[in-house]
Amino acid sequence: KMTASLSCPNFMLVALLLLLKMTRNAAFDQADGELRFNEYTMIMSHNSAANKDTADGDFFKLFGSDQENSMYEQLTNNGVRGLSLDIKLDYSDRSRLRLVHNPIDYSDFETEMETHLVRFLEENEEAIVAINFEVIDDSQAAIRSTILDNLKSTFSNLFVNGVSLADMTFKYDNDLWKNLPEWPTLNEMRSSGQRLFFISRQ
C-alpha cells in the first residue's frame, strides 16, 4: 500500500508557491510604476473571448477557441493585461455587439465585459488594461459608425466602483496630458483613473 506524506520542507515550498501565486499580479501591477506607458511591455491574449470557458461545451465554439481560460482568469491568473477582441454588430438587435472568432459567435459583448473586465478592475485597482478591437464586417461606413457608437454606449453604461469605463479610458487630448512632452508613467495613469487603453483601426 502506497502512502504519501508532506514533509516540512515540502510543505514550506508549497506554501511559498501559493504565496507567490497570490502576490504575483499585485507585484506585476506595482513594480514598474515609473515606466512610461510606451516603455511598458504587457501580455496580450489573442482572440481573448474565444475561450473554452465561454464555449461551455459547444462543439463549434470549442473547436474555434484560442484560449483555455475565461477573460477574467486570463487577467487574474495568467498575467494578461491586454485583450484582443473581434467584434461585430448584432443584426438581431443593432444596439448591441457580439464577440466573434471568424464565423463563430461566442457571446454578447456588454455581458462579457461586465462579467470579466469590470470584475477584474474592481478587484485590482492598480491594473492597467489595453483592449485591441478588431471590427468585423466594417466594409460599410454606416455599419462601422454604428459599431463605434455601440462601443461608446457600452462603456458609458458599465461602471467600476461608480466610475464608468468611458471615464476610465485613456484620452491623449485630456488636459492632464496635453502639456506632457512624452507619454505618462503608469503611476500617473493610475492616479488619473485612466487605466483603460483602447486600440482600434480608424
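Tutor: In this predicted model, a residue is called buried when its relative accessible area is under 20%, exposed when that area is over 50%, and partly exposed in between.

Student: How do you know whether phenylalanine 60 is buried or exposed?

Tutor: Phenylalanine 60, which belongs to helix H3 (residues 59-64), has a relative accessibility of 56%; exposed means over 50%, so phenylalanine 60 counts as exposed.

Student: What makes up the nonpolar patch on the surface that includes Phe60?

Tutor: The patch is formed by Phe59, Phe60 and Phe63, which together have about 440 Å² of accessible area.

Student: What is the volume of the largest pocket, and which residues are closest to its centre?

Tutor: The largest pocket has a volume of about 680 Å³, and of the 20 residues that line it, Lys152, Thr169, Phe170, Phe198 and Ile199 are the closest to its centre. Helix H6 (141-157) and strand E8 (196-200) are the elements that give two or more residues to this lining, and H6 gives the most, with six residues.

Student: How do the residues of that lining divide by kind?

Tutor: The lining of the largest pocket holds eleven nonpolar, four polar and five charged residues.

Key
Residues numbered from 1 in each chain as written. Predicted model: local features only at pLDDT ≥ 70, side-chain atom pairs only at ≥ 80, totals over all residues. Heavy atoms only, no water. Patch = residues over 30% accessible without salt bridge, like charges linked within 9 Å, V, L, I, M, F, W, Y side chains within 5 Å. Areas by Shrake-Rupley, 256 points an atom, 1.4 Å probe, with all protein chains shown as cover. Salt bridge = Lys/Arg side-chain N within 4 Å of Asp/Glu carboxyl O. Helix = DSSP H or I, 4+ residues; strand = E, 2+ residues; numbered from the N terminus. Buried < 20%, exposed > 50% of the residue type's maximum accessible area, 1.4 Å probe, protein only. 1 Å grid on protein atoms, 1.4 Å probe; cavity = no way out; pocket = protein on both sides within 12 Å on 5 of 7 lines; lining within 4 Å. Points joined across faces, edges and corners; volume = space filled by probe spheres on them. Nonpolar A, V, L, I, M, F, W, Y, C, P; charged D, E, K, R; others polar.
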